[in-house]
Amino acid sequence: MEELKNLIVKNKDEILIVTINRENALNALNDATLTELGQVFEKIDDDKGVKGVIITGAGDKAFVAGADIKELALVTEVNGRSMAEKGQELFGKIERLSKPVIAVVHGFALGGGCELAMACHIRIASNTAKFGQPEINLGIIPGYGGTQRMTRLVGKGKAMELLMTGDMIAASEALDLRLVNYVMDSKEASMDKAFEILNKIKEKAPVAIGLMIDSINAVHTTGENGFQTEANSFGICCGTEDFIEGTRAFIEKRKPNFIGE
Ligand code: CO8
């Protein structure tokens, strides 16, 4: 594996802790970070020294504030769909891992960050966590599976509201909506809770755990083409004037002026 520049990966008692480490950009997922995550996750299924995984973000302010908007601003209709598919493939790999994956979330989990948390098997939030899919404010839709996984987790009506308004919700509301399994008092307490759950699962039969994950995921297999629809639509959004305006406005720290083209 190449040297990791955007992740810190540590094995503690057979639990792999993967920390996204771009604190200055609120741990936003740039292309290099996605590639590194892909390299790490590719090896976990066959690694007998890993019984479970925790994904978290560095610093106090964010889990992950989304795709890196400075890179995203350069995406066009030509590569928008394939960029979305790259993330979808990685997040699908995480969701299909044969070992339990827990997202430990504090601060902002927005856009691609919320999508990453939703691809994990279990989510534990600290009370500072804020979830949302603000892509609509940039003139696009989610591209890493958010339209599919948010709908599965919170139901269609609430997903429609959250994704069309782009509103952020606090950890307590995320718990009410079953977007997260637990809300804890601090990041440390969330980490402890994740270890408590993973240490319990660690004692179970590994083959059965892998098949359990497969079987629970199978509930949704008929909806797989929803991901294709999302990637296609994401690509179309990337060809609009409003997408250029939305990302430019974020970078210039002003409100976007959308024109519907
Ligand atoms: N990308 C790049 N940089 C970011 C991002 C991001 N998503 N979020 C924050 N940053 C940077 C800021 O630009 C700032 O950098 P600098 O100090 O150099 O100006 C630094 O992090 C700190 O951020 P703020 O100063 O904005 O901190 P605030 O506390 O004022 O605000 C917020 C925090 C509310 C989280 C704010 O930063 C924000 O709104 N961030 C963007 C959130 C967002 O829109 N996320 C969705 C992105 S789109 C997406 O995820 C699509 C996924 C699918 C992609 C498919 C294919 C490419």
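Student: Is strand S7 (residues 122-126) buried or exposed?

Tutor: In this predicted model, 5 of the 5 residues of strand S7 are buried, so the strand is largely enclosed by the rest of the structure. Buried means under 20% relative accessible area, exposed means over 50%, and partly exposed is in between (1.4 Å probe, protein chains only). Strands here are DSSP runs of E with at least two residues, helices are runs of H or I with at least four, and both are numbered from the N terminus.

Student: What should I know about the model and numbering?

Tutor: Residues are numbered from 1 along each chain as its sequence is written, and side-chain values use heavy atoms, with hydrogens and water left out. The model is predicted, so local features need pLDDT of at least 70 and side-chain atom pairs count only at pLDDT 80 or more, while totals for chains, interfaces and linings use all residues.

Student: Back to S7. Which way do the residues point?

Tutor: Ile122, Ile124 and Ser126 point one way from S7, and Arg123 and Ala125 point the other way.

Student: Which strands are joined to S7?

Tutor: Strand S5 (residues 101-105) runs parallel to S7, joined by 4 bridges. S10 is also parallel to S7, with 3 bridges. Two strands pair if DSSP finds at least two bridges between them. Ala125 of S7 stands opposite Val105, and Ala125 also stands opposite Val183 in S10.

Student: What holds paired strands together in general?

Tutor: Strands of a sheet pair through backbone hydrogen bonds, either parallel or antiparallel.

Student: What is the order of the open sheet of 4 strands?

Tutor: The order is S4-S6-S8-S9, with mixed pairing. Strand S4 (62-64) and strand S9 (169-170) are the edge strands, each pairing on one side only. Strand S6 (residues 108-110) and strand S8 (residues 130-132) run parallel and are joined by 3 bridges. Leu110 stands opposite Gly132 in S8.

Student: New topic. How many salt bridges are there?

Tutor: The count is 11 salt bridges, where a salt bridge is a side-chain nitrogen of Lys or Arg within 4 Å of a carboxyl oxygen of Asp or Glu. One of them joins Glu42 and Lys93, with the closest N and O atoms 3.4 Å apart. Glu42 lies in helix H1 and Lys93 in helix H3 (residues 77-95), so this pair ties together parts that are 51 residues apart in sequence.

Student: How exposed are Glu42 and Lys93?

Tutor: Glu42 is exposed, with a relative accessible area of 54%, and Lys93 is partly exposed at 25%.

Student: Which residues are linked in a network?

Tutor: Lys158, Glu161 and Glu173 are linked in a network of salt bridges.

Student: Last one. Where is Asp185, and is it buried or exposed?

Tutor: Asp185 is in the loop between strand S10 (182-184) and helix H8 (187-202). Asp185 is exposed, with a relative accessible area of 68%. The C-alpha atoms of Asp185 and Thr128 are separated by 8.4 Å, and the two residues are 57 residues apart along the chain.
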